[in-house]
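Q: Let's go through this model together; please keep the answers plain and tell me how each term is defined.

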Amino acid sequence: MTPVRSRLAGVAAHLPQATMSTAELEDRLAERNPALELPRGVIHSGSGVRRRHIAAPHEKPSDLAVHAARQLLAEQGLRADDLDLLLFASVTMDLIEPATAPIVAAKLGAGCLAFDVRNACNSVLNAIQVADALIAAGRHRRVLICSGEMATAFMPWTLRDTKEFFTFAAAYTVGDAGAALLLEAATEPGVLGHRFTAHSAGWEAATVRALNLTTDPAADWPVIEPLTVNAVQLARSLERTDLTVLPKAIAELGLAWDDFAAVCVHQASLPALWKFCEHVGIPQDKVVVTIAQHGNLIAATLPVQLVQAVAAGRVRRGDLVALVGLASGFSVGIVVVKW
């Protein structure tokens, strides 16, 4: 009997129409904090972000995921009823309870099983890992993975002092996006392999904390703190993570970085991206750069990069693509697919 494998049938992305440049963001910060002399140019020089997309005020993460999912289903000539599993893979979410996946499924009109897969910026990669295993086991045949990232909603606009600006600097680098990927059962493999590793002791290096800071019953709960990154702790976590898992994973498949049409790498900042690529040997000309015009798209980063690589003609059917993830926690992973 021919073993069941999974293939990546399609991918789609939704980028909100409204955008905000880094210069405009700095103008808003200055307007909201007239007593502070906030430095100009730090956000761009530190991250490379020039612009980011901003979701509409009435939208939620599930809406961004639904936009991308509807586009993907239309492109594949499918209906929501054709799905037998929906995974929501994202950092931001609509509610603490229930999971966001059933909300997405309800908005799509899908009656299939739905649940969340969350692992910071590696959520989509881990969702591919889960979907691939379930398809190979014969449990599901068509799995939709959705992501809806709306991190700009947690940008801090009122600051106590300049020190707090630097503490929350990473929170100003994010952008909003929706993404969707479709995995299907196939006789020929499309998902060729995946490997993950982690240094969990470094989880405090980058955090978004949910705290109940008030006893007022009328107050909203939880209080969400902005993204806070300790660069020193983050660098140490990266150093203590076994990054050899990446070249080993592609070597086990008989491949090298030059064999890929594109390498999609998570991008929290442009300087960090190039430093990481140099460290693990990824050629710069293989990388799909999105952070400058879209910001850090959190878990939606890699599918958005794949969409743009396909649209630009860099990736065609039959080409090899590597999806390389780095996430708070701290974890690193790679998924190799034949597009």
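Q: To start with, which loop is alanine 120 found in?
A: Alanine 120 is in the loop between S5 and H5, where helices (H or I, at least four residues) and strands (E, at least two) are DSSP runs numbered from the N terminus. This is a predicted model, in which local features need pLDDT of at least 70 and side-chain atom pairs count only at pLDDT 80 or more, while totals for chains, interfaces and linings use all residues. Residues are numbered from 1 along each chain as its sequence is written, and side-chain values use heavy atoms, with hydrogens and water left out.

Q: And what is the phi of alanine 120?
A: Alanine 120 has a positive phi of about 50°, although it is not a glycine. Most residues other than glycine have a negative phi, and most peptide bonds are trans.

Q: Is alanine 120 buried or partly exposed?
A: Alanine 120 is partly exposed, at a relative accessible area of 25%; buried means under 20%, exposed over 50%, and partly exposed in between, using a 1.4 Å probe and protein chains only.

Q: What about isoleucine 298, what is its phi?
A: Isoleucine 298 also has a positive value, near 55°, in a residue other than glycine. Isoleucine 298 sits in the loop between helix H10 (291-294) and helix H11 (301-311), and it is buried, with a relative accessible area of 9%.

Q: Which peptide bonds are cis?
A: The bond from glutamate 97 to proline 98 is cis, with omega near 5°, and proline 98 lies in the loop between S4 and H4. The bond from glycine 329 to phenylalanine 330 is cis too, with omega near 0°, and phenylalanine 330 belongs to the loop between S14 and S15.

Q: Changing topic, how do S4 and S5 pair?
A: S4 and strand S5 (residues 113-116) are parallel and share four bridges; strands count as paired if DSSP finds at least two bridges between them. Leucine 86 has alanine 114 of S5 as its bridge partner.

Q: What unit do S4, H4 and S5 make?
A: They make a right-handed β-α-β unit, where right-handed means that, with the strands pointing away from the viewer, the path from the first strand over the helix to the second runs clockwise.

Q: In what order do the strands of the open sheet come?
A: The four strands are ordered S8-S15-S14-S13, and the pairing is mixed. Strand S8 (191-198) and strand S13 (262-265) are at the edges with a single partner strand each, so one side of each has no neighbour in the sheet. The twist averages 10° from one strand to the next.

Q: How many bridges join S8 to S15?
A: Seven bridges join S8 to strand S15 (residues 331-338), and the two run antiparallel; glycine 193 stands opposite valine 336 in S15.

Q: Which helix lies across S8, S14 and S15?
A: That is helix H8 (residues 245-252), running at about 25° to S15. Axes here are lines fitted to C-alpha atoms, for helices over the stretch in contact (heavy atoms within 4.5 Å), and angles run from 0 to 180 degrees between N-to-C directions.

Q: Last one: what span should H5 have?
A: At 1.5 Å a residue, the 14 residues of helix H5 (residues 123-136) should span 20 Å, and the end C-alpha atoms are 20 Å apart, which agrees; the expected span is 1.5 Å times one less than the number of residues. Among the buried residues of H5 are Leu125, Ile128 and Ile135, and the helix is followed by glycine 138, whose phi is positive, near 80°.
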